[in-house]
Amino acid sequence: MSTDASLSPAPRPALDVAVIMRRERVHGPSAHWQPWRWILDSVVPDEPAFGTVPRLLHEHDGAQRWLHPGFKAELFRDDAEGYHLNVTTPAPCWFVLWRMEEEPQLAEEPIPVPVVVSLSYNEAGRWLDAQETVEQVPAPPEVVEWVRAFAAEHYVIEPKRRKRPESFRPLTDRFGNVASVSTEKKRGRGAGDV
């Protein structure tokens, strides 16, 4: 069997990225119940110096920033519409799905752990429909242009089909059979008896 390189599929376009999560103090009345909250801080290019395990980058007065390296933001041809929708918004962004640890593994108390990073508006919508925690941060211009070029190459806008007005559709009964409609009264007083 031949191992011709031309037969192997082309690698999927992808960027290696790292996610930074931030713990910040909550202000206002809700601070009484929850003094801290975790939010997505940024998505940055992954570098070998980051290593492979999450680590605390900065801590000051209880505020923290954690680096989570080792993510890959891939582009899939069958999700070109999702990328198109993202890059045609006024603020194209990264989408990050993250979950809180159930038991502390990386720190003294549970911290958020990013699960996946995407540039697809549709994928983020599916995550939200599944009741996941999804946050977004702006994507840099060079990433937006990279995604825009991919979407332009692979997204085919479906032509809109004219929808026939409901008044022109045939009536059907509950079994799907064509129903007949008559204004003639079939039973009771005045039903043909003179």
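This is a predicted model: local features need pLDDT of at least 70, side-chain atom pairs count only at pLDDT 80 or more; totals for chains, interfaces and linings use all residues.
Residues are numbered from 1 along each chain as its sequence is written, and side-chain values use heavy atoms, with hydrogens and water left out. Local features need pLDDT of at least 70 and side-chain atom pairs count only at pLDDT 80 or more, whereas totals for chains, interfaces and linings use all residues.

Helix α3 comprises the 14 residues 141-154; helices (H or I, at least four residues) and strands (E, at least two) are DSSP runs, numbered from the N terminus. Val143, Val144, Val147, Phe150 and Ala151 of α3 are buried (under 20% relative accessible area, with exposed over 50% and partly exposed in between; 1.4 Å probe, protein chains only). These residues cover an arc of only 125° around the axis, which puts them on the same side of α3; the arc is that of the directions from the helix axis to the C-beta atoms. On the other side, Pro141, Glu142, Ala152 and Glu153 are exposed. The buried residues pack against β1 (14-25), α1 (80-87) and β5 (93-100).

Glutamine 64, in strand β4 (residues 63-74), is buried, with a relative accessible area of 11%. Beyond its neighbours within four places in sequence, glutamine 64 is in contact (heavy atoms within 4.5 Å) with Met21, Arg22, Arg23, Trp38, Leu56, His58 and Glu59. Its side chain makes polar contacts with the side chains of glutamate 59 (3.2 Å) and tryptophan 66 (2.9 Å). A polar contact is a pair of N or O atoms within 3.5 Å; within protein, one must be able to donate a hydrogen and the other to accept it, and residues adjacent in sequence count only if both atoms are side-chain atoms.

Technical notes: The expected span of a helix is 1.5 Å times one less than its number of residues.
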